[in-house]
Amino acid sequence: SFVQPCAFVTFTAVWAVITAFRPDSELLTAIDAVQHQLAGVVVVDDGSGQGFEAVLDAIAARDVTVVRLAENSGIAAALNAGLEYALAQGCDAAVTFDQDSMVEPGFIGALEQAHKAARERGHHPGPVVPEYFAGVSQVHSRGSDDTLFARHSIQSGMLIDRTVLLAVGLLREDLFIDLVDTEFELRCHARGFASIAAPGLTLAHSLGRRYERRAFGRRVSLPGIPPVVTLSTPFRYYYRVRNRIVINREFGRKFFGWTLRDTVLELLHFSSVLTLARPRGAMWSLYRAAWRDARRGKMGRMPDGLQQLAATITWSAPPAD
């Protein structure tokens, strides 16, 4: 069933939920940039362990709530812990951030305005995100009323109102990391909520490290093959493959075109990753394990043995930056 959007004229209690893992002092700078725009901030430390007490104590001294998880539980579990806390404090919307998300003045207000404008135009806003994330547009289409509809919304910088969270539920924790925001967005769309982009709003971020494609000592530049490729940390490809299979199984029929396009693009990327990985067999073993675990429904954190295998993988391409 479809749920009507919230009836708030304006939000009165927007909270930020920031996830952290082994943070440094840059997180303090990020908090200072956004805190005055919000009713409250909660930082969830995702099992950093010993040695980070000084930073976390300095965060708490800024009148920020710090929730410490006993062990590394993944981005979804960390965000959920923060969202549950913010909801319990009476927030009517929350904005989720990574620890390295640095916002500009008026960032939260721009998200609120985009939510309000979409609602006034008769839309049912779900996730509301900046138009640009890491220099890449999140806009999928523009409505006849100039509403910007997003797709592939990244969770950092994402505003979600309380009504949506109560209707759709929190993030799926067994995915652990990667495509957590994709699964949430698809679930929102399945319930009739649209992803909205705030016009002109930007959030700077790193999407991995860029590497050059080279052959015979020269940069490769061929039609359809970009000379630079962005690569994640090797262990992330286990989660990207496994979670893509799981998401396709659950949403492929309802959102066939959407998931098919994403799958084709990811298969091309996974193929490129395989050619650049050394040893290549280790990356192939990660892929096979991800496929096997997806089929068996084995979710959560990747096994320690696979984590150790992933740690042996390096990239044969030189960094582009």
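# Exercises on a predicted model

In this predicted model, helix H6 is followed by Gly-192, a residue whose phi is positive, near 95°.

## Exercise 1: the setting of helix H6

Decide how helix H6 (residues 180–190) is placed relative to the rest of the structure, and name its buried residues.

Solution. Begin with the cut-off, by which a residue counts as buried when its relative accessible area is under 20%. Since nine of the eleven residues of the helix are buried, H6 is largely enclosed by the rest of the structure.

## Exercise 2: salt bridges between separate parts of the chain

Among the twelve salt bridges found in a search of the whole structure, examine the pairs Glu-250 with Arg-172, Asp-178 with Arg-236 and Arg-244 with Glu-266, and state which parts of the chain each pair links.

Step 1. Glu-250 forms a salt bridge with Arg-172, and the closest N and O atoms are 2.7 Å apart. This pair links distant parts of the chain, with Glu-250 in helix H7 (residues 236–251) and Arg-172 in the loop between helix H5 (162–168) and H6, 78 residues apart. Glu-250 is partly exposed, its relative accessible area being 44%.

Step 2. Asp-178 forms a salt bridge with Arg-236, where the closest N and O atoms are 2.6 Å apart. Because Asp-178 lies in the loop between H5 and H6 while Arg-236 lies in helix H7, the pair ties together parts that are 58 residues apart in sequence. Asp-178 counts as buried at 13% relative accessibility, whereas Arg-236 counts as partly exposed at 26%.

Step 3. Arg-244 forms a salt bridge with Glu-266, with 2.7 Å between the closest N and O atoms. Arg-244 lies in helix H7 and Glu-266 in helix H8, so this pair ties together parts that are 22 residues apart in sequence. Both Arg-244 and Glu-266 are buried, and salt bridges that share partners join Arg-240, Arg-244, Arg-261, Asp-262 and Glu-266 into one network.

## Exercise 3: the second largest pocket

Work out which helices contribute to the lining of the second largest pocket, and describe that lining by residue class.

Solution. The pocket has a volume of about 320 Å³, and of the 14 residues that line it, Val-241, Ile-245, Leu-267, Phe-270 and Trp-291 are the closest to its centre. Turning to the helices, H7, H8 and helix H9 (280–296) each supply at least two residues of the lining, and H8 gives the most, with six residues. By class, the lining has eight nonpolar, three polar and three charged residues.

Helix H8 (residues 256–276) also holds Val-264, which is partly exposed with a relative accessible area of 42%. Together with Phe-256, Leu-260, Leu-265 and Leu-268, Val-264 makes a nonpolar surface patch of about 490 Å².

## Exercise 4: the largest cavity

Identify the residues that line the largest cavity and the helix that gives the most to its lining.

Solution. A search of the whole structure finds one cavity of 30 Å³ or more, and the largest cavity has a volume of about 50 Å³. The lining is formed by Ile-18, Leu-27, Ala-30, Val-34, Phe-97, Asp-98, Gln-99, Ser-101 and Val-103, which divide into six nonpolar, two polar and one charged. Helix H1 (residues 26–34) gives the most to this lining, with three residues.

How values were computed. Residues are numbered from 1 along each chain as its sequence is written. This is a predicted model: local features need pLDDT of at least 70, side-chain atom pairs count only at pLDDT 80 or more; totals for chains, interfaces and linings use all residues. Side-chain values use heavy atoms; hydrogens and water are left out. Patches are made of residues with over 30% relative accessible area and no salt bridge: like charges are joined within 9 Å, nonpolar side chains (Val, Leu, Ile, Met, Phe, Trp, Tyr) within 5 Å. Accessible areas come from the Shrake-Rupley method with a 1.4 Å probe; for residues, only the protein chains shown count as cover. A salt bridge is a side-chain nitrogen of Lys or Arg within 4 Å of a carboxyl oxygen of Asp or Glu. Helices (H or I, at least four residues) and strands (E, at least two) are DSSP runs, numbered from the N terminus. Buried means under 20% relative accessible area, exposed over 50%, partly exposed in between (1.4 Å probe, protein chains only). On a 1 Å grid over the protein atoms alone, a cavity is a set of points where a 1.4 Å probe fits but cannot get out, and a pocket is an open set with protein on both sides within 12 Å along at least five of seven lines; lining residues have an atom within 4 Å of a point. Grid points are joined across faces, edges and corners, and a volume is the space filled by probe spheres set on the points. Ala, Val, Leu, Ile, Met, Phe, Trp, Tyr, Cys and Pro count as nonpolar, Asp, Glu, Lys and Arg as charged, and the others, Gly among them, as polar.
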